[in-house]
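Please keep the viewer open as you read.

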Amino acid sequence: MPSLGADMDTGKLVEWLVAPGDSVTQGTVMAVVETQKGAIEIEIFEAGEVVDLVAQVGQTLPVGALLARIGTAGEAGGGGDREPNAVASRRPPEPARGRVPETDLPAPAKPAPAKPAPAKPAPAKPAPAKPATAKPATAKPATAASAPAGEAVLSSPAARTLAAEAKISLASITGSGPSGAVLLSDVERHLAAGASPVSETPEAGRPTARKGLDMVEMRRAIAAAMTRANRDIPHYYLCHEIDLQAAQDRLATLNIERTPDRRLLMGALLIRATVRALAKVPELNGRHEGDAYVPSGLIHCGLAVAIRGGGLIAPAILDAADMDPDTLMEAMRDIVARTRAGRLRNSELTRGTITVSSLGETGVDALFGVIYPPQVALVGFGAPRLKPVVHDGAVTPRLAVTVSLAADHRVSDGRRGALFLAEISRLLQDPELP
Amino acid sequence: MTRNDILAGLVAELIDVAPDLDPAALGENDHLQDDLGLDSMDFLNLISRLHKRFGLPIPESDYPRLATLAKAVAYLEKEQAG
């Protein structure tokens with residue numbers, strides 16, 4: 001079970017898209033996993049042949065748990081267990097009655113780094129992931145909100161019945177039976193102790209924006225990631241007002257010739273300028289994992305996508321450096337649609353190297369973001385508005401936007417950050433498309 | 001095409017763009033962006049669909065005339081007739 005961000009500790013396998021014997025190559029979508037960020041397509045990062053599907057559909061598994069074994073080229077059978085892919089893991093499977101072996105891998109959940117850096121687990125102080133002890137994964141409280149009672153949790157019939165009556169999830173209960181099975185006495189003890197607010201909430205009563213997205217879980221995940229950011233990252237902030245009139249005029253000229261499906265949004269130009277400006281201050285593009293900062297050669301530009309009704313997911317547009325505005329616009333349209341529909345890929349959730357958050361047309365003047373760990377910079381755009389701007393020596397109403405930078409002092413300083421914002425501004429003044 | 005047909009088509013496209021909206025809860029005077037929470041990408045997707053469904057060009061300069069459902073219906077009615 002790959003980690004889809006520092007804020008995830010379990011995922012539920014909902015679909016296998018490959019079968020034993022299938023050949024896979026890098027990027028093959030192997031499975032669909034349901035998380036607080038919706039249903040995520042899990043890709044593999046190496047080539048080989050599927051040897052064995054270990055995890056069963058419906059199971060909620062901790063990050064790092066074995067999903068499947070892949071035999072890589074030249075290796076037979078279960079020998080194909082090279083570690084660095086999201087699906088297979090080094091440890092041979094030992095599925096005790098369909099249960100997932102506990103993981104004690106040093107870094108099973110490593111988000112695919114842009115470079116083959118040593119496996120650094122997301123700094124695992126208080127917040128994230130894997131318990132070191134061999135506790136049945138399905139008994140972790142974190143699964144409570146998403147695992148319906150009785151599903152993929154070893155339990156006795158009496159325990160299931162009582163849990164269902166009490167509308168609590170078996171996954172929220174620590175089992176004391178064989179292999180961690182939840183027994184009736186466990187459920188009774190859990191109820192007597194007062195079940196946690198989350199697990200007490202009936203599924204029907206929870207705020208859900210749509211199928212597949214659990215808003216309570218999502219809020220919890222956002223809180224975990226942002227808490228980690230504020231704890232670990234010494235942020236500094238800069239902001240700058242940018243005259244957007246030239247870009248707006250250019251956009252209007254282009255769009256007037258186009259049918260709506262081919263029109264560009266200002267957002268595409270803002271992201272394009274941001275990505276291009278990184279060439280000038282490349283250290284803002286990368287990841288700080290463990291104790292080491294690793295700059296990224298590729299630019300995987302995260303896009304903070306708001307979910308109506310609350311919530312936020314920041315998937316990355318992969319390899320955005322050379323995208324022209326039309327390509328970028330298409331990539332944005334695609335990723336926003338799939339974010340809202342709850343159908344992203346794990347690479348999009350784990351490989352971001354910088355994030356842009358934009359309030360769009362109807363927001364307020366400025367947005368000061370919190371960096372999305374392990375990234376080291378977040379660029380925030382307020383809502384573009386007509387403002388009195390001194391232009392050619394006279395005060396005139398022009399479209400302007402306030403851009404902000406939240407950046408990591410472990411990696412850069414205000415002077416470099418300022419250079420970056422100034423470069424974004426310069427690119428947006430270019431009468432040609434930035 | 002009657003006003004009701006246009007409204008029904010508009011609502012169908014809106015729900016396609018924003019499937020989490022409850023058609024029964026929509027008010028004609030709801031502002032698509034401020035009240036219903038469409039962002040600029042959603043709005044553009046809606047315009048694209050209306051363009052295809054009603055065969056109208058809907059230039060950017062006309063966007064303010066589609067700010068609410070009622071306004072949009074009036075706009076589509078007028079443009080189709082014209």
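**Ground rules**

This is a predicted model, in which local features need pLDDT of at least 70 and side-chain atom pairs count only at pLDDT 80 or more, while totals for chains, interfaces and linings use all residues. Residues are numbered from 1 along each chain as its sequence is written, and chains are lettered from A and ligands numbered from 1 in the order in which they are written.

**The two chains**

The table puts the two chains side by side. Helices (H or I, at least four residues) and strands (E, at least two) are DSSP runs, numbered from the N terminus. A residue is called buried if 20 or more other C-beta atoms lie within 10 Å of its own, exposed if 12 or fewer, and partly exposed in between, with C-beta atoms placed from the backbone.

| Chain | Helices and strands | Buried residues |
|---|---|---|
| Chain A | nine helices, 19 strands | 49% of 434 residues |

From the N terminus on, chain B reads α-α-α. Of its contacts with a separation of 6 or more, 60% are between residues 24 or more positions apart. In chain A, 63% of the contacts between residues at least 6 apart in sequence join residues at least 24 apart.

One residue to look up in chain B is Ala12(B), which lies in helix H1 (residues 3–17). Ala12(B) is partly exposed, because 13 other C-beta atoms lie within 10 Å. The C-alpha atoms of Ala12(B) and Pro23(B) are separated by 8.5 Å, and these residues are eleven apart along the chain.

**A covered strand in chain A**

Strand S17 (residues 377–381) of chain A is mostly covered, with five of its five residues buried. Ala377(A), Val379(A) and Phe381(A) point one way, while Leu378(A) and Gly380(A) point the other way. Two strands count as paired if DSSP finds at least two bridges between them. Strand S16 (residues 354–358) runs parallel to S17(A), joined by four bridges, and here Val356(A) stands opposite Val379(A). With strand S19 (residues 394–408), S17(A) pairs in the antiparallel sense over five bridges; in that pairing Phe381(A) stands opposite Val403(A).

**A three-stranded sheet**

Elsewhere in chain A, three strands form an open antiparallel sheet in the order S2-S5-S7. Strand S2 (23–24) and strand S7 (68–71) are at the edges with a single partner strand each, so one side of each is left without a neighbour in the sheet. Strand S5 (residues 48–53) and S7(A) pair over four bridges, and Leu53(A) has Ala68(A) as its bridge partner in S7(A).

Helix H5 (residues 245–256) of chain A has twelve residues and reaches 16 Å from its first C-alpha to its last, close to the 16 Å expected, where the expected span is 1.5 Å times one less than the number of residues. Which residues of H5(A) are buried? They are Gln245(A), Ala247(A) and Leu251(A). The buried residues of H5(A) pack against strand S8 (235–243), helix H6 (266–277), S19 and helix H9 (414–429) of chain A.

Where the chains meet, 20 residues of chain A are in contact with 16 residues of chain B. H5 and helix H7 (325–341) are the elements that give two or more residues to the chain A side. That side divides into eight nonpolar, six polar and six charged residues; Ala, Val, Leu, Ile, Met, Phe, Trp, Tyr, Cys and Pro count as nonpolar, Asp, Glu, Lys and Arg as charged, and the others, Gly among them, as polar.

**The nonpolar cores**

A nonpolar core is a set of buried Ala, Val, Leu, Ile, Met, Phe, Trp, Tyr and Cys residues joined through C-beta atoms within 7 Å. The largest has 107 residues, and those touching the most other members include Leu67(A), Leu269(A), Met332(A) and Ala377(A). H6(A) gives the most to this core, with eight residues. Apart from this core lies another, of eleven residues, among them Leu154(A) and Ile168(A). Leaving aside neighbours within four places in sequence, Met332(A) is in contact with Gly267(A), Ala268(A), Leu303(A), Ile317(A) and, across in chain B, Met41(B).

Key: Contact = placed C-beta atoms within 7 Å.
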